[in-house]
Structure formats: structure tokens, C-alpha cells
Amino acid sequence: MTYDIQSMAVIGVGIMGSGIAQIAAQSGHTTYLYDTKEGAALQAKEKLAATFQKLVDKNKISAEQAENANKHLIVAAQLEDLKACDLIVEAIIERLDIKQALMQQLEEIVSDTTILASNTSSLSITAIAANCKKPQRVVGFHFFNPVPLMKVVEVIQGLKTDPRIVDALNELSRAFGHRPVVAKDTPGFIINHAGRAYGTEALKILNENVCDISEIDRILRDGVGFRMGPFELMDLTGLDVSHPVMESIYHQYYEEARYKPNPLTKQMLEAKQLGRKVNQGFYHYETGTKTGEKPAQFVERLTDYPKVWIAADFAEDKQQLEDYLIQQNIVLDTGLEPLPESLCLLACYGEDTTQAATRLKVNPQQAVGIDMLYGISKHRTLMPSLATNTEYRQVAHSMFNLDGAMVSMIAESIGFVAQRVLAMVINLGCDIAQQNIASVDDINAAVRLGLGYPFGPIEWGDHIGSQKILLILNRISTLTYDPRYRPSPWLQRRVALNLPLTFNSGF
Ligand SMILES: NC(=O)c1ccc[n+]([C@@H]2O[C@H](COP(=O)([O-])OP(=O)(O)OC[C@H]3O[C@@H](n4cnc5c(N)ncnc54)[C@H](O)[C@@H]3O)[C@@H](O)[C@H]2O)c1
């Protein structure tokens, strides 16, 4: 049999349920609204009518489309009213026992072919289906807030879910104007799983006192191109939401080091320093505006610059640095070994400047590391060694500010800020592919649309150069012994065979 979804119901018409009902009604699906809270379903219908009217006023939809959408919303007084629906989506309270009981209750009412979907963000679909007579009809249908604007939905296949139901929800999602991504029933599915790297690695960098939150945010936002820095993002989401997700995924994966949360966010949660919603998180907020961000560091222009000797792991990085320095009329020291007075610029990956200087047999007093992972066009990150002379530190800072670009000066970190965060994001994406939780295309699309990253994690690895990502992870693993950084076999094999990270033979 095939599943043809014409009529549906949403149970629990709070933030998520209302959003799902909106896109369902707008795409011409008869949608019943049900909620245990007295009057909530009617209220949701009225609120949606006001939303449709606003869309008409803004010329987003026609008056006729609004009228049609309104007609497709029906308030249900009792669960029995939903008996003829082809699909029921629950968006009720996030409690396993209550969701399980609802599914069992629904099975007594609906036909054998009705699909029962859950919008859960953290519970297992297999567990929600566990007490059902027909667990194969239970599926995950995970939307994101705000539903009409977040154009991605995870279709989650429980251990027993009928694959034809997955196909039917994929088709329905497209009719809603959403991009379906299919995920195995695993903790965090795709998006909440792939999103673990960004915040946790930034917190670890903060913990190691590499630089302050403003600098980390600046590097990742202005340098790498994330829409928001990790601390700005945690403030927006609220630690009451994001800290429990970090803990839950970490524990559900049996204390896997890659997902390890940080004591700092737990403490901030206890102190109710949740973020924007209480005007105090990592930053302070006044009438909704962020305050307390430390400004970028500026530096005086110097009249004299020493010669610059460059060592780089990758030839293209050396070339880019030479081009920039020549443009700024800085003389290069092209000797095999640096002159005693030259500034030694080390474009290194996955190590700190002390390690790089030691490996390259360069005097650490003359050495400054530079992160070339994201190029030097918009923003630069410099890392002096513990022993770098103050004069060389200032010279390097000034030199890279000569064209007005912003420079972040950070303390020593095994791998720079951007290198560590991006390597973790990409490696995690590779691991999700390796575990066959979803296809490469779906992982990339899910992350772009669900997390708003400029690239999906796997395509990002190819864009940057997968051998660079592997080098970062290998070096950090060797230097820290931390299993968090171990490279995914997906990444290792593709680099060894010189294949794109997006390559999948299907085996
Ligand atoms: N808020 C989000 O950003 C978000 C994102 C993705 C998924 N989710 C998931 O969606 C679900 C709903 O979240 P929300 O934020 O919309 O919650 P909400 O509190 O805004 O709405 C829940 C609604 O469900 C109703 N309800 C509770 N128990 C019920 C029951 N047994 N039967 C019928 N109605 C019941 C409540 O009266 C309320 O109207 C949860 O499973 C949550 O994990 C939430």
C-alpha cells in the first residue's frame, strides 16, 4: 500500500503545533487542531487567522489563499474527532511516558493506516512507539522553530518504522515547501547532533584561557563566516534550552568525549544567567541590545618592519602571505633558515606556536603563528609563543593591520580558534555520515538550513581542504591525548585515497 496524506491533525497547539498547522493549512491540507488545555485549539485557530491576515497585509499571500488556509483548519473537541485523519502529528509536552500513552490511546481511535508522528526533539522514536500495537506506523517528524521560516524537517525512522511512511512524509514536507532530511533514530538526530561541536569547542577554548568570548565570537563570525559567534548564539537560544541538550546528547552517547559539555554553562544555568531572555548571559543586554562586548584590538602603525621569514604547512598559504607582505612593502627573508633579526611567521595547523617553533627549529622568541585556515582576506588570527619578544608581537600585529583588516591576538592554543572549531564541526559531520545516520546530502542540507552555517559540514571540509582538517585533528590528538579530537574514519580514508569527503561508494 501507499500512504496518501490528505487530512491530518496536530495534537498540542503550542509554539510548534501552531507552526506545523500553519504550513499544513497553507499547503491545502485539512488540519484538525487538538489540545488538552481548554480553549487552546480555538485560540490557536484564531491566532493563525490573524497571522494569515498579516501575511495578506504584507502581500506575502493573497486574500483568497488566506481564506483557503482558514477553511482548512478545524478545531477538534475530542480525540475521537481525529479518527479519519491520514496523519496525526503530536507536538505535546516533551515527556516519554505521556507521548507513549497518547500513541496507545490514538491507536484505539484511528484506522490501521493512520500515520502517527512525533515532533519530539530529544526522545527516541523507537521508545515512543514501544507500547504500540503497530510500532511500524510511528515516525519522527521534527520541525524547527519558527516552523514556517525554518525550511527543513527531519523525518526520523524508528527501528520499526515502515519505510513507505518515510517516503510519504518526504513528499508531504515538499508540499509544505520544506526540505525533508531523513535520519536514523539516534540521539539528536542530525541537526542537534551536528550542532554539538560549535558551542562545546568554543567553551573549551574559553576554559583554556586562549582569549575572551568577544574575540572567539569575532574570529568565528567575522573571520570564518558563521552568522553568529558561539557565545552570541548560546545567549540567543538560552542556556535553559542549550545546556540540557548538551548534557542529554553527551549522556545518550554514553559519555562520548566529542560531545562533552562544560561546567561553565551548568554554573551559569544555576545562577540563572541564561542569556538574552534575562538580559544577562555571556554578554549583558540592555533593552535587547548587546553591551559589554570588548572592542577589537587596534595597534599603532610602525615606521620600520623587520624582514619576515615564513614557514607554512601548505604552499598556497605561504604564497598568500608573501603576496600580502609584498603588497605592504615588507621585505621577505627567503633564506633556508631565518636571520637572527627576522620575524618568523609560522602558518601552522593543529599545534601552538611553541610546538611549531620547536618542530621547525626556529627561535620561539622570534616566532608568531598565523591561522591560514580561512585565508587572510577579512580577518586574521595571530598567536605568539609564550616566549615571543614583545617587539615581534607588536610588529606582527601592526603588519597584519596595515590594510585595515581586523586582527585577533590570542594566547597559545593547540590549534587556533577557527582551526579547532571548524575541525570539530567537519569531523562530527563526517562521523554522522560514517554512522550512516543520514546521507551526505541530507547532512549538508540539514546543517545549512537548520543551523544556518554557510556550508554543510562535509562539503565545508572539501571547500577548505580535507587534508588540512585531518592534519589539525591528528596533531591535536597527538599533543593532547584527548579522544575528543580523534579523526573520523570517514575523513581518514577519503584523505588517504584523495577522494572528496562527499564521496560515498554506497558500500
Ligand atoms: N520549542 C521548540 O523550539 C521545539 C523545537 C522542536 C521540537 N520541539 C518539540 O515539540 C513539542 C512541543 O513543544 P512546544 O515548544 O511547542 O511546547 P508548548 O509548551 O509551546 O506546547 C505544547 C502544547 O501541548 C499541549 N499539551 C500538553 N500535553 C498534552 C496532551 N497530553 N495532549 C494534548 N495536548 C497537550 C499544551 O497544552 C500546549 O498547548 C515537544 O516535544 C518539543 O520537544 C520543540
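## Around the ligand

A polar side-chain atom of aspartate 35 sits 2.6 Å from one of the ligand's oxygen atoms. On its own the ligand has 830 Å² of accessible area, and the protein covers 73% of that (areas by the Shrake-Rupley method with a 1.4 Å probe).

In total, 20 residues surround the ligand, and the closest are Met16, Asp35, Glu94, Lys99 and Asn119. To make that list, a residue needs a heavy atom within 4 Å of the molecule.

## What you are looking at

This is a predicted model, where local features need pLDDT of at least 70 and side-chain atom pairs count only at pLDDT 80 or more, while totals for chains, interfaces and linings use all residues. Numbering starts from 1 along each chain as its sequence is written, and side-chain values use heavy atoms, with hydrogens and water left out.

Aspartate 185 is in the loop that links strand S8 (179–184) to helix H7 (191–194). Helices (H or I, at least four residues) and strands (E, at least two) are DSSP runs, numbered from the N terminus.

Instead, the aspartate 185 side chain makes a polar contact with the side chain of serine 124 at 3.1 Å. It also reaches the backbone nitrogen of isoleucine 125, at 3.1 Å. Setting aside neighbours within four places in sequence, the contacts of aspartate 185 (heavy atoms within 4.5 Å) are Ser124, Ile125, Thr126, Ile156, Gln157 and Gly158.

## Helix H10 and its cover

Helix H10 runs over residues 230–237, and its buried residues are Pro230, Phe231, Glu232, Met234 and Asp235. Among the elements covering them are helices H8 (196–207), H9 (213–224), H11 (239–252) and H12 (263–270). Strands S9 (284–286) and S10 (289–291) are part of that cover too. After H10 comes glycine 238, with a positive phi near 95°.

## Out at the start

Threonine 2 lies in the segment before strand S1 (7–11). It counts as exposed because its relative accessibility is 71%. From threonine 2 to alanine 197 is 195 residues in sequence and 39 Å in space, C-alpha to C-alpha.

Conventions
Buried < 20%, exposed > 50% of the residue type's maximum accessible area, 1.4 Å probe, protein only. Polar contact = N/O pair within 3.5 Å; in protein donor to acceptor, adjacent residues only side chain to side chain.
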